[in-house]
Amino acid sequence: MNTLHFVRFTVAYWCLLAAALLPYVCAFVAKSGTQGKPRNQGGYDNDHPRQWMARQTDWRARANAAQANSFEGLPFFMAAVIIAHQLGAAQTLLDILAFLYVLTRVLYITMYVGGLSSARSAAWAVGMLLNLAILFIGYH
């Protein structure tokens, strides 16, 4: 008899989900406060969302750029976590590193939207180092 089994997600796997949702959080931030406003007063244009976004400046434009960067960094993080699991990495260490990566990405996005470019770049570098550590912790 077949039974339905649910895979037990590790913290690292939950972090994959969180990281996958971060670009959508950025999109929400970029569009926040514009829904319901008339288009001629800067309201969000759902008929032409990419053109509307291209006209945005300041923190909205930075939120959109953070969204793009979040999508760009996602495949490496996903691959690193999956490879670390497949190689039998120490689960606790993997979970901690994955959590720190997501935390670093949240800080990165916050700094990006806030216009803190030097701090943002430092957070990006820390995230990249964490990603590399995740990739190689299962290497024996």
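Buried here means under 20% relative accessible area, exposed over 50%, and partly exposed in between (1.4 Å probe, protein chains only). This is a predicted model, where local features need pLDDT of at least 70 and side-chain atom pairs pLDDT 80 or more, while totals for chains, interfaces and linings use all residues. Residues are numbered from 1 along each chain as its sequence is written, and side-chain values use heavy atoms, leaving out hydrogens and water.

**View 1. Tyr 44 meets Trp 52.** Tyr 44 counts as buried, at 15% relative accessibility, and Trp 52 is buried too, at 2%. Their ring centres sit 5.0 Å apart with planes at 80°, so this pair is edge-to-face. (Rings of Phe, Tyr and Trp, the latter by its six-membered ring, pair if their centres lie within 6.5 Å; planes under 30 degrees apart are stacked, over 60 edge-to-face, the rest tilted.)

**View 2. Tyr 24 against Phe 71.** Here we have another edge-to-face pair, with centres 5.5 Å apart and planes at 85°. Tyr 24 belongs to helix α1 and Phe 71 to helix α3 (residues 58-86), so the contact ties together parts 47 residues apart in sequence. Helices are DSSP runs (H or I, at least four residues), numbered from the N terminus. Phe 71 is partly exposed, at 36%.

**View 3. An aromatic trio.** Ring pairs join Phe 9, Tyr 13 and Trp 14 into a cluster. Phe 9 sits in the segment before α1 and is partly exposed, at 40%.

**View 4. Arginines over tyrosines.** Arg 105 puts its charged end over the ring of Tyr 108, 4.3 Å from the centre; Arg 120 does likewise with Tyr 112, at 4.1 Å. The cut-offs are NZ of Lys or CZ of Arg within 6 Å of the ring centre and within 35 degrees of the ring normal.

Technical notes. Helix = DSSP H or I, 4+ residues; strand = E, 2+ residues; numbered from the N terminus.
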